[in-house]
Amino acid sequence: MGIYSQSLSKELDTLKSSTNFYPTQYQLDNVREINHNYLLEQFQNPEPILDQVRDLIKRGDYTLGEVVDEFERVFSEQCGAAFGIGVGSGTDALFLALKATGIGQGDEVITTPYTFYATISAIVRTGAKPVFVDIGKDYNINAERIPDAITQQTKAIMPVHWSGNPCDVIKIKDISEHYKIPIIADACHAIGATYDSRKIGEFADISCFSLHPLKNLNVWGDGGVMITDNVAIADNVMKLRNHGLVDRDTCERFAYNSRLDSLQAIVANYLIKHQLQQTTDGRVYNAAYLDERLKEIEEVKIPDRNPLKKHVFHLYMGEFKHRDELKAYLLKHDIDAKVHYPIPMHLQPAARFLNHRVGDFPMAERIANNCLSLPVHEFLNRIQLDRMINTIKDFYQKV
Ligand SMILES: *Cc1c(COP(=O)(O)O)cnc(C)c1O
């Protein structure tokens with residue numbers, strides 16, 4: 001006390017509230033009658049998890065403990081992959097997957113301009129250049145256009161299974177095999193997604209998942225996991241995530257600290273066993289109902305569904321006329337509609353060095369300008385979904 005002058009402490013307060021906007025965000029996320037956020041409902045009875053946390057305290061193996069091994073085994077088995085490797089976040093899974101593949105300065109990675117920032121930051125932080133290919137009508141990278149973007153420098157294709165909807169996995173795999181360029185998939189939205197009953201992980205060299213609290217398999221903080229069948233990549237990532245150590249006293253390559261906490265693995269193990277199926281089924285069920293009912297509204301355009309693809313609806317999205325006004329109207333009626341996301345990657349301030357401009361990726365821009373995400377989680381009931389639909393109808397009757 002007394003170290004900081006009053007003016008400095010005021011500056012600290014301002015800095016904190018501008019750089020850490022989460023405390024305010026969290027408050028807003030829980031107040032509405034129909035929320036995106038369902039964490040309070042989901043963890044209403046945390047006792048079975050807390051029991052295991054008490055055991056963890058007795059063991060003391062807080063990072064990469066035995067429960068992390070167990071999680072990696074269970075997760076990789078569920079995905080039909082040889083290896084599952086737990087890391088610090090979904091972002092780190094993407095970054096370390098690229099690093100383990102040897103990608104860096106001078107290389108190019110093909111990806112989508114319509115994604116979350118982390119897909120692009122993972123590429124940029126390796127020193128490689130993100131090369132964008134516009135999306136198609138399903139909001140995923142337009143596979144037809146990938147070959148046009150391939151150069152001598154292309155070292156990976158990083159598609160995103162956006163909102164939990166599998167990309168055009170067959171076409172992308174054909175391209176990958178033809179040009180001998182690996183696929184490192186951003187599957188952060190897509191735990192449980194399948195194509196023609198095959199797990200989406202089967203169609204990529206590496207798939208990366210996020211365990212963030214708002215993702216379909218969610219822990220009590222940050223966490224990520226990647227799967228691969230490639231021994232060399234798995235070996236590489238396991239070293240990269242843990243200071244490049246091969247044993248306690250030998251560092252093979254100066255690397256990173258990006259380990260999955262045992263606490264998070266406890267939560268993930270519990271949810272995989274007791275809840276993930278229900279989470280996925282609930283979302284799919286609610287989405288089917290929304291699909292059916294939203295057809296009645298002319299101003300709403302939901303993407304066509306491909307019956308071969310199992311979309312796990314991390315997000316339920318569509319194009320909505322007068323999007324911003326509708327969003328405000330829904331919020332006013334206690335329904336938490338969100339925009340994921342209003343500015344595509346190529347138009348972000350951070351992407352200035354890539355010299356893109358408005359019009360470069362028209363489909364990504366169109367979706368960014370018109371999209372809205374509606375709550376779809378498994379704790380929503382029919383009455384709430386109907387209220388959401390009726391509120392949207394009311395809005396369009398008024399405009
Ligand atoms: C959430 C997310 C990530 C990053 O995952 P974190 O675990 O939050 O680091 C990457 N890509 C996409 C598409 C995401 O939605």
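**Helices α5 and α11**

What is the handedness of the crossing of α5 and α11? The crossing of these two helices is left-handed, a term used when the near helix is turned anticlockwise from the far one by less than a right angle. The model is predicted, and local features need pLDDT of at least 70, side-chain atom pairs count only at pLDDT 80 or more, and totals for chains, interfaces and linings use all residues. Residues are numbered from 1 along each chain as its sequence is written, and side-chain values use heavy atoms, with hydrogens and water left out.

Helix α5 covers residues 66-79 and helix α11 covers residues 262-274; their axes come within 8 Å and cross at roughly 35°. Axes are lines fitted to C-alpha atoms, for helices over the stretch in contact, with angles from 0 to 180 degrees between N-to-C directions. Helices (H or I, at least four residues) and strands (E, at least two) are DSSP runs numbered from the N terminus. On the α5 side, V67, V68, E70, F71, V74, F75 and Q78 meet S262, A265, I266, A268, N269, I272 and K273 of α11. Contact here means heavy atoms within 4.5 Å. By class, this contact has 9 nonpolar, 3 polar and 2 charged residues.

**Nonpolar cores**

A nonpolar core is a set of buried Ala, Val, Leu, Ile, Met, Phe, Trp, Tyr and Cys residues joined through side-chain atoms within 4.5 Å. The largest has 44 residues, of which Y114, L294, Y316, L374 and I392 touch the most other members. Elements that each supply at least two residues include α12 (276-294), β14 (316-320) and α15 (382-398). Helix α15 gives the most, with 6 residues.

Beyond residues up to four places away in sequence, L374 touches H36, L294, Y316, F320, L330, M388 and I392. Another core, of 34 residues, lies apart and has F71, F75, F203 and L260 among its members.

T111 is in strand β2 (residues 108-111). This residue is buried, with a relative accessible area of 0%; buried means under 20% (1.4 Å probe, protein chains only). A polar atom of the T111 side chain lies 2.8 Å from the backbone oxygen of M158. The C-alpha atoms of T111 and N140, 29 residues apart along the chain, are separated by 9.8 Å.

H311 is in the loop between β13 (309-310) and β14, and at 10% relative accessibility H311 counts as buried. The side chains of H311 and S163 are joined by a polar contact of 3.3 Å, a polar contact being a pair of N or O atoms within 3.5 Å, one able to donate a hydrogen and the other to accept it.

Conventions
Ala, Val, Leu, Ile, Met, Phe, Trp, Tyr, Cys and Pro count as nonpolar, Asp, Glu, Lys and Arg as charged, and the others, Gly among them, as polar. Buried means under 20% relative accessible area, exposed over 50%, partly exposed in between (1.4 Å probe, protein chains only).
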